[in-house]
Amino acid sequence: MGWDPVKWNSEQTAKIRQRATFEMSCPNESLNVVELDKETDGTVKALGVEGCGKKASYVHLKGYGNEAVWALSSQQN
């Protein structure tokens with residue numbers, strides 16, 4: 001079984017959703033996560049999160065799987 005960008009995107013979206021719940025002080029069910037940018041292989045490299053009157057964007061810095069590192073790029077309250 002090879003690399004699965006759909007699985008990767010789903011896992012990373014869930015990871016960022018959990019992180020945004022904390023950073024934005026907004027319940028998970030109130031958050032909307034959108035893909036802002038992708039690599040040429042289809043893997044997401046930037047995610048936007050909106051909820052509770054706030055917005056944030058996250059960018060993938062390095063690593064894959066459990067080693068993936070994301071950074072908060074911007075936040076608007």
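These legends describe close-up views of a predicted model. Local features are given at pLDDT of at least 70 and side-chain atom pairs only at pLDDT 80 or more, while totals for chains, interfaces and linings use all residues. Residues are numbered from 1 along each chain as its sequence is written, and side-chain values use heavy atoms, without hydrogens or water.

**View A. The open sheet has four strands in the order 1-2-3-4.** The pairing is antiparallel. Strand 1 and strand 4 (69-76) are at the edges, and each has a single partner strand, so one side of each lacks a neighbour in the sheet. From one strand to the next, the twist averages 25 degrees. Strands (E, at least two residues) and helices (H or I, at least four residues) are DSSP runs numbered from the N terminus. Two strands count as paired if DSSP finds at least two bridges between them. Axes for the angles are lines fitted to C-alpha atoms, for helices over the stretch in contact, and angles run from 0 to 180 degrees between N-to-C directions.

**View B. Strand 2 pairs with strand 1 and with strand 3.** Strand 1 (residues 32-38) and strand 2 (residues 44-51) run antiparallel and are joined by six bridges. Here aspartate 37 is opposite alanine 46 of strand 2. The hairpin of these two strands has five residues between the strands, and glycine 42 in that hairpin has a positive phi near 95 degrees. Strand 3 (residues 54-62) also pairs with strand 2 in the antiparallel sense, over six bridges. The bridge partner of glycine 48 is serine 57 in strand 3.

**View C. Cysteine 26 and cysteine 52 form a disulfide.** The count is one disulfide, the rule being a pair of cysteine sulfur atoms within 2.5 Å. The sulfur atoms of this pair are 2.0 Å apart, and the link is right-handed, with 80 degrees about the S-S bond. Cysteine 26 is in the loop between helix 1 (5-23) and strand 1, and cysteine 52 is in the loop between strand 2 and strand 3, so the pair ties together parts 26 residues apart in sequence. Cysteine 26 is buried at 2% relative accessibility, whereas cysteine 52 is partly exposed at 44%. Buried means under 20% relative accessible area, exposed over 50% and partly exposed in between (1.4 Å probe, protein chains only).

**View D. Tryptophan 8 and tyrosine 64 form a tilted aromatic pair.** Rings of Phe, Tyr and Trp (its six-membered ring) pair if their centres lie within 6.5 Å; planes under 30 degrees apart are stacked, over 60 edge-to-face, and the rest tilted. By this rule there is one aromatic pair. The two rings are 5.1 Å apart centre to centre, with 50 degrees between the planes. Tryptophan 8 is in helix 1 and tyrosine 64 in the loop between strand 3 and strand 4, 56 residues apart. Tryptophan 8 is buried at 2% relative accessibility; tyrosine 64 is partly exposed at 43%.

**View E. Glutamine 12 and threonine 13 lie in helix 1.** Glutamine 12 is buried, with a relative accessible area of 2%. Leaving out residues up to four places away in sequence, glutamine 12 touches Val44, Leu47, Gly65, Ala68 and Trp70. With that exclusion, threonine 13 touches Val33 and Leu47. Contact means heavy atoms within 4.5 Å. The side chain of threonine 13 also reaches the backbone oxygen of asparagine 9 at 2.8 Å.

Notes. Polar contact = N/O pair within 3.5 Å; in protein donor to acceptor, adjacent residues only side chain to side chain.
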